[in-house]
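Let's go through the charged side chains of this one together. Have the sequence and the 3D view open as you read.

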Amino acid sequence: MEDIREQTADAAYSGSGKEEAFAGAPDIEQSFERLDALLSEMETPDCTLEKSFRLYEEGVKLIASARQQINKVEQQLRVLNGDGEADPKEQKDGI
């Protein structure tokens with residue numbers, strides 16, 4: 001039972017298993033750190049309008065990637081109940 005939770009958590013954080021679609025994408029924590037850096041850079045007085053647009057575009061891509069990763073983890077969590085078993089509603093009787 002515990003193995004299922006560990007595998008789900010590992011897949012969510014390591015990019016392994018079904019999360020391979022996000023290979024090459026930064027993890028959620030890295031995305032938030034980069035977004036913070038982008039905001040700081042955009043707030044500097046020497047940031048040009050053109051540079052602001054490039055930074056904004058990068059930020060939008062980071063947010064989209066993080067949103068997809070979060071949605072995938074939320075889907076996995078909906079399937080599991082508190083003890084790590086698959087949701088009883090989705091299981092057939094006797095299985």
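Q: Is glutamate 29 buried, partly exposed or exposed?
A: A quick note before the answer: this is a predicted model, where local features need pLDDT of at least 70, side-chain atom pairs count only at pLDDT 80 or more, and totals for chains, interfaces and linings use all residues. Residues are numbered from 1 along each chain as its sequence is written, and side-chain values use heavy atoms, with hydrogens and water left out. Buried means under 20% relative accessible area, exposed over 50%, and partly exposed in between (1.4 Å probe, protein chains only). Glutamate 29 has 40% relative accessibility, so this residue counts as partly exposed.

Q: Which helix holds glutamate 29?
A: Helices here are DSSP runs (H or I, at least four residues), numbered from the N terminus. Glutamate 29 falls in the run covering residues 28-42, and that is helix H2.

Q: Which residues form the negative surface patch?
A: Asp and Glu count as negative. A patch takes residues with over 30% relative accessible area and no salt bridge, and like charges are joined within 9 Å; a Glu charge is placed at CD and an Asp charge at CG. The areas come from the Shrake-Rupley method with a 1.4 Å probe. The members are Glu29, Glu33, Asp36 and Glu43.

Q: How many salt bridges does the structure hold?
A: To count, a side-chain nitrogen of Lys or Arg has to be within 4 Å of a carboxyl oxygen of Asp or Glu. By that rule, the number of salt bridges is 4.

Q: With which residue does arginine 34 form a salt bridge?
A: The closest N and O atoms of this pair are 2.8 Å apart. The bridge links distant parts of the chain, 24 residues apart, from arginine 34 in helix H2 to a partner in helix H3 (residues 49-79). Arginine 34 is partly exposed, at 31% relative accessible area. The partner is glutamate 58.

Q: How many residues apart in sequence are lysine 51 and glutamate 41?
A: Their side chains meet in a salt bridge at 2.7 Å, N to O. Lysine 51 lies in helix H3 and glutamate 41 in helix H2, so the bridge ties together parts whose separation in sequence is 10 residues.

Q: Is arginine 78 buried, partly exposed or exposed?
A: Arginine 78 forms a salt bridge with glutamate 74, with closest N and O atoms 3.9 Å apart. Both lie in helix H3, 4 residues apart, about one turn of the helix. Glutamate 74 is partly exposed at 35% relative accessibility. Arginine 78 has 57%, so this residue counts as exposed.

Key
Patches are made of residues with over 30% relative accessible area and no salt bridge: like charges are joined within 9 Å, nonpolar side chains (Val, Leu, Ile, Met, Phe, Trp, Tyr) within 5 Å. Helices (H or I, at least four residues) and strands (E, at least two) are DSSP runs, numbered from the N terminus.
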